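Subject: Structure handover and findings

Hello,

Here is the structure you asked to look at. My notes follow it, in plain terms.

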Amino acid sequence: MDVFTILFVYLNLSSQTSTYTIKTDSSLGELLLIKLEKDPNMWLPFEDQWYCSKIVATTPEGDEILFPCYLWMSRGEVVELRGGKGLFKQPEIADRDHTDDKYYNWFAHSCSLDMVNSHVFCFPSSLYCSDFELKLRGLFKSMEKWDNIEDIKKIFYFKRTAISDYVTEHWMDDDFYGYQFLNAINPNVIKRCSELPPNFPVTNEMVQPFLEKGSSLKKEIEKGNIFLYDQKMMDGIPPRLHNDEPLHVTPGLCLLYLNKDNKLMPIAIQLQQQPSETNPIFLPSDSETDWLLAKMFIKNADLMEHQSVQHLTKTHFLGETYAVSTLRNLPVIHPIYKLLIPHFRFNLHINIAARKTLFGPTQPFGLSTAGYDGMIELMRRGLSEVTFSSLCLPDDITARGLGSVPNFYYRDDGLRLWDIVNRFVKAMVEFYYPSDDDVRKDSELQDWINEIFTHGVLENKASGFPESFSKVEEVVSFITMVIYRVSAHHAAVNNGQFFVPNGSLLLLKPPPTTKGQSNMTTVLEAFPTVGVTVSIASLLWVFSEKYTDMVVLGQYPQERFDETEPKEIIKRFQAELSLLSEHITARNSKLDVPYIYLDPAQIENSIAI
């Protein structure tokens, strides 16, 4: 006798769960498909949709066959389910369509999903809640300018944390400024400086007072203690208009020095790419407000590049191409589909919501210094420079010469995480692909990577993205990158977003062109109005929110694998993540500013916000 156990989760206010058992005396033979239909004639209040979790078929021999579903079903809808074993194309059912290529189209900016989960609506509603909090303080939509620096602390009133308290006290400090390039939301831009670029004529006389006594700029470069931030990508970005006048996008350069106390300190800043009499090199010995303004304009450019390139382009939108190609090319029974689909949870949903909520001339990103057109141009430039190796953390750290920088927690935690993810992916992929020949013969896998190459990096061969796979290790490398980027890396560039006064998406005054002409009033005039400042702060808070339905990295509540070995691989993955979390927690207990963003317990499995 074959026994079927079907678990339905009702979509109603009580979230009622029921299990049904169906028995038959008939022999069913080898089970390839199960067809499931919600009774078209049933009518019950609040039950016009059901959520089917899974079907488990028990054979007369006692074997259990898993048929994952995890779909919402409407009245009269028919769903075909395939078994939980990771299988490739099966000739006996090859005429059936088990991918979603007809629902997802590459040239659409949004797509129609079968069921939009309520999580999508958390984004605008949470934004409203943060705005509401600020309204209570009389700040939201205020057209007033800031009267003094101390008043800016008001925006932390409802969102105080140990980190925000530290930031409010130390945001002007040079050592905290350097720390931000290592462990804040954009740790992807500095590199070790082996020689100064010709357009950044910093002399030894300029910076020697800030170096170790008796040393020189040349010696510190040779020791590997000099680092460069070069925002040449910003050069020529068109700014938006404010009061019919163009604002100023700053494609600056910043030189940083790792001192004997292992602190990364800014020692020289040039705010435009080409040196000139109206483009001086600012130094820590300049007036307090000159130096503060120079640092603020560097961070303004850094934040715009972070949001448009590092956050949106390299995680959200490249993640979208991985997800869409998976839905179009890999059937639900395919082992790579089963491996990846939990890591795409809500990616499409949140991207659709973000396009409506964030983009546009009057939306938050449109209010940045670069404005809507400038941010879009930054995304174009950022995508054209994307390389596969730069998306692989070990390669990126090596290429930027940052392997030995102390107190670089983003690197330390990230490399450990990368290795854990890589071991997990390697075990999974090698279980299903014992040889390179198995990879070459998998036409569905080849179509998957080809569409990512075509639509993700627009067939840019210089990107180093594979067009096809010929070896198992290539599949392992690529899937490791995908899972790491949509989980851990997104957490690193997303979860630490909150307003820091030295970094605003919008600055209203032009950068200084001469020294000695600024004061604190000049600094305050560069800030946006109170209302715009708190609106930006509110947006950043929403990005860092945690939701009740969060699924942390390595947790797979939807059971999709039916074989014993993949289940054991998942358990080992979870155990390694747990040990890393314990290590990070112990380390953080000793830090003034804990680095929590790559703690596996804080990382979401996918890009869900």
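Which element gives the largest share of the lining of the largest cavity? That element is α3, with 4 residues. Please keep in mind that the model is predicted.

Cavities

The count comes to 3 cavities of 30 Å³ or more. The largest cavity holds about 320 Å³ of space. Its lining is made of 27 residues, and the closest to the centre are Q180, A184, I185, G496 and V500. Two or more lining residues come from each of α2 (162-170), α3 (174-183), α6 (288-329) and α16 (530-543). By type, the lining of the largest cavity has 17 nonpolar, 8 polar and 2 charged residues.

The second largest cavity has a volume of about 140 Å³. It is lined by 17 residues, of which N495, E545, Q602, E604 and I609 are the closest to its centre. Here helix α14 (residues 472-494) gives the most to the lining, again counted in residues: 4. The lining of this second cavity divides into 7 nonpolar, 7 polar and 3 charged residues.

A tryptophan in a loop

W106 sits in the loop that runs between β6 (78-82) and α1 (122-136). Is W106 buried or exposed? The relative accessible area of W106 is 18%, and buried means under 20%, so W106 counts as buried. Setting aside neighbours within four places in sequence, W106 is in contact with T321, V324, S325, R328, E451 and H455. W106 and G456 are 350 residues apart in sequence, yet their C-alpha atoms are 9.9 Å apart in space.

Two helices side by side

At what angle do helix α11 (residues 409-432) and helix α17 (residues 564-588) pack? The angle is about 175°, and the axes of the two helices are 10 Å apart. Angles over 145 degrees count as roughly antiparallel, so α11 is roughly antiparallel to α17.

On the α11 side, the residues that meet α17 include Y409, R416, F424 and Y432. On the α17 side, the residues that meet α11 include E565, F573, L580 and R587. The residues of this contact divide into 16 nonpolar, 1 polar and 6 charged.

When you open the model, you could begin with the lining of the largest cavity around Q180 and A184, then turn to W106 and its contacts, among them T321 and H455, and finish with the contact of α11 with α17.

Regards

Terms used. Residues are numbered from 1 along each chain as its sequence is written. This is a predicted model: local features need pLDDT of at least 70, side-chain atom pairs count only at pLDDT 80 or more; totals for chains, interfaces and linings use all residues. Side-chain values use heavy atoms; hydrogens and water are left out. On a 1 Å grid over the protein atoms alone, a cavity is a set of points where a 1.4 Å probe fits but cannot get out, and a pocket is an open set with protein on both sides within 12 Å along at least five of seven lines; lining residues have an atom within 4 Å of a point. Grid points are joined across faces, edges and corners, and a volume is the space filled by probe spheres set on the points. Ala, Val, Leu, Ile, Met, Phe, Trp, Tyr, Cys and Pro count as nonpolar, Asp, Glu, Lys and Arg as charged, and the others, Gly among them, as polar. Buried means under 20% relative accessible area, exposed over 50%, partly exposed in between (1.4 Å probe, protein chains only). Contact means heavy atoms within 4.5 Å. Axes are lines fitted to C-alpha atoms, for helices over the stretch in contact, and angles run from 0 to 180 degrees between N-to-C directions. Angles under 35 degrees count as roughly parallel, over 145 as roughly antiparallel, 65 to 115 as roughly perpendicular and the rest as oblique.
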